[in-house]
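This report describes a structure for a reader working on the computational side. The sequence and coordinates come first.

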Amino acid sequence: MYSLPIVLEATLNGLLTGAIYALVALGLTLVYGVLHIINFAHGAFLTAAMFAVWMAVTFLGVDPYVAIPFLTIVFFAIGYGAQRFVIGPASHGDDGNILLVTLGLSIVIENILLAVFRADTRTITTDYAFEVVEIGPLLISQARLYGFLAAVVVSGLLWGLLTRTDTGKAIRAVAKEKLGASLVGIDVRHIYAVTFGLGCATLAVAACLLMPIFYVNPRVGQAFVLVAFTIVVLGGMGSIPGALAGGLFIGVVESLTGLFFGDSLGQIGIFIIFILVLLLRPSGLFGARA
Amino acid sequence: MTIWKTPLGRRAVLKGSTAALATLAAPSILRGAEPAPIKVGVLQPITGALAMDGEFGRTGAEFAIADVNAAGGIKSLGGAKLEMVFGDARSNPEAGTQEVERMQSEGVVAVVGGFASGICLAASQTAARYDLPYIVDVGVSDQIVQRGLKNTFRFGPGFGTCARTAFDNLARINEAAGKPAKTVVLVHEDGLFGSGLAKVMQQELPKLGFEILDTIAVPTPSRDLSNVVLRLRSLNPDLVIPSTYYGETVLLARTMQQQRVRPKGVYGVLNGAASNTRFVKEFPEAADKIMDCNHWYDPRKAAAQALIKAAAAAGKGWNYNLPLNYSCVGLLADALNRAGSTDRAKVNEALAASTWADHVMPYGPTKFVDGQNQGAAPVSLQVQEGAIRVIYPEAFSDAKPIFPARA
């Protein structure tokens, strides 16, 4: 039906987009893995980060890629503060409460964004947004390629942080055994907040990588967070390699469904997979066996 | 606003005598005192996916209201001024309906606008419940004037007329160039407007000798059209016909440029970008040689030229929404003047009997049959060297078609 280079290029496009999906899923899976909560505010934080990028580009004239380190720090601080001073205290030790608090937080953030930015869809224009890299017969969008590379690097850094540093060890300790961790002197509330901050920081990176190829409006995060949930379920709740592999896979599925069935139906493939995984392998590809 | 003097002067002269008579005939209570302003509902989507089109429409209506007021308001109603009651349709039919309800409760005499077919359909239906006159600006769906609503008038051409004119023009442009184009791919937005148009094209284009290789639907808004362009590259058609709104058309044109897909021609039908100065200005390379069959003003009319200058002076862009809404408000003002009343039934009657020629579109005097202005028709345009030119019909054209765009 389509020649090989066309299918190959669609697959490659999917991989590149999938890497950014993976980045969004990474924060979600990290927060789930440690805090054991599903963070409903994830999409809203992503939207906020995308607006932050939009403002940096539009008002300050900063290149979105240059904004990465700055926004990463800002969003780490926002995430840390949100967990330390809002979500944590409001939960009173009950996981059910946390779920509701993050849901409430997402509604608050979205509506603040709606009030400030209105419902308009906004985009940024960069010189390189439509530049391509030629690889044989394939024409690969530069912005996507950068996004892919950055997503892989950030995943690697996060993996390194969790496995090689003391903070990472503390995070893993809290994830495994909260009481035990606090008994050996780990400040559990601090680690919770650090984890949440890391989740938000990955979103800031994702937002910087997304804006050159995407648009932002106050509800945009929801589309991503649904995809991210699918990736987290597919990869296994709390698994970082799972999020990366799941993201790439979902990206390819979306791209190929789009190619063969039209863009209006592009997302159907994703949610069919979501349902299939829940039916057949609820622990996901890389999830711990129950 | 000094620029406005020329067209206003002419209109003022035409209506001056009527005004004097009207003032004398008016009951003493109206004389001397400023008559209460007449509220005109202007409905446009100024947030959401269609925000940009809505802004153009609102600007056109604003200019028209200022123009009518500067010329002395509605003469037969003692020079009553028009006052805009604006409603944001937020790019969806539900919001359009809510805003019409609000305008109704605020006592508007009529509603003008809507832009998208879906919004126009829902909003005019709501207006019909109150017998409130509704003038459709752009919404092309033929359904709009096929429901037997006595309150709904469409000044611009409907879908059937647009499609027929677009295909005839295309066939003639192709013939004149020695028929270089045989194969076509349709790219359409998946709403009422694009899907409806695609259906008509699938029936009509084969009759004109074009072979349709594929029909591709895209959602509004679309974030990425690489897949669509990949399909185009694989199909390699002579012609690409996009029926999409602004954002998607720009994305499509830029992605085609990126992926080096260069068909012999891109011919939009009622396209949202190909005849928008913003697109041409921001992405001249991607927009170059794109053709479009669309609503357009009559470049020969002095009032149209004055409107272009006024829009430029006010720092506004230009696309067809602006002159079209400008004319729709003028149409209403003319009807109000002839009705000599803000009574809805009388205004509806006056609109139905309208033979108004003072607009800026290439239509001739208005003549409504079942709510549709019979003389309304689109023209074919092409982006040439950074400007939008009329290439067909020859009667209005200010440039010759460059087709095929690439050998």
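**Confidence**

This is a predicted model. It scores ipTM 0.73 and pTM 0.75. For chain B the average pLDDT is 88, and 92% of the residues score at least 70. Two stretches of chain B have a pLDDT below 50, and they are listed here with their contacts beyond near neighbours in sequence.

| Stretch of chain B | pLDDT | Contacts beyond near neighbours in sequence |
|---|---|---|
| residues 1-9 | below 50 | 18 contacts |
| residues 19-30 | below 50 | 12 contacts |

**Chain B as a whole**

Chain B contains 13 helices and 14 strands. Its radius of gyration is 21 Å, close to the 22 Å that the globule rule gives for 407 residues, so chain B is as compact as a globular protein of that length. Taken along the principal axes, the box filled by the C-alpha atoms of chain B is roughly 75 × 40 × 35 Å. Of the 407 residues in chain B, 57% are buried. Among contacts in chain B with a separation of 6 or more, 70% join residues 24 or more positions apart.

**The contact between the chains**

Chain A gives 23 residues to the contact and chain B gives 26 residues. On the side of chain A that touches chain B, at least two residues each come from α1 (4-35), β2 (138-141) and α10. Which element supplies the largest share of that side? The answer is α1(A), with 4 residues. By class, the side of chain A that touches chain B consists of 11 nonpolar, 8 polar and 4 charged residues.

**Helices α10 and α11 of chain A**

Helix α10, one of the elements of chain A that supply residues to the side touching chain B, also packs against another helix of chain A, α11. Helix α10 of chain A spans residues 240-261, and helix α11 of chain A spans residues 268-280.

Notes:
Residues are numbered from 1 along each chain as its sequence is written. Chains are lettered from A and ligands numbered from 1 in the order in which they are written. This is a predicted model: local features need pLDDT of at least 70, side-chain atom pairs count only at pLDDT 80 or more; totals for chains, interfaces and linings use all residues. Axes are lines fitted to C-alpha atoms, for helices over the stretch in contact, and angles run from 0 to 180 degrees between N-to-C directions. pLDDT is the predictor's confidence in each residue, from 0 to 100. Two residues are in contact if their C-beta atoms, placed from the backbone, lie within 7 Å. The radius of gyration is taken over C-alpha atoms; the globule rule is 2.2 Å times the number of residues to the power 0.38. A residue is buried if 20 or more other C-beta atoms lie within 10 Å of its own, exposed if 12 or fewer, and partly exposed in between; C-beta atoms are placed from the backbone. Ala, Val, Leu, Ile, Met, Phe, Trp, Tyr, Cys and Pro count as nonpolar, Asp, Glu, Lys and Arg as charged, and the others, Gly among them, as polar.
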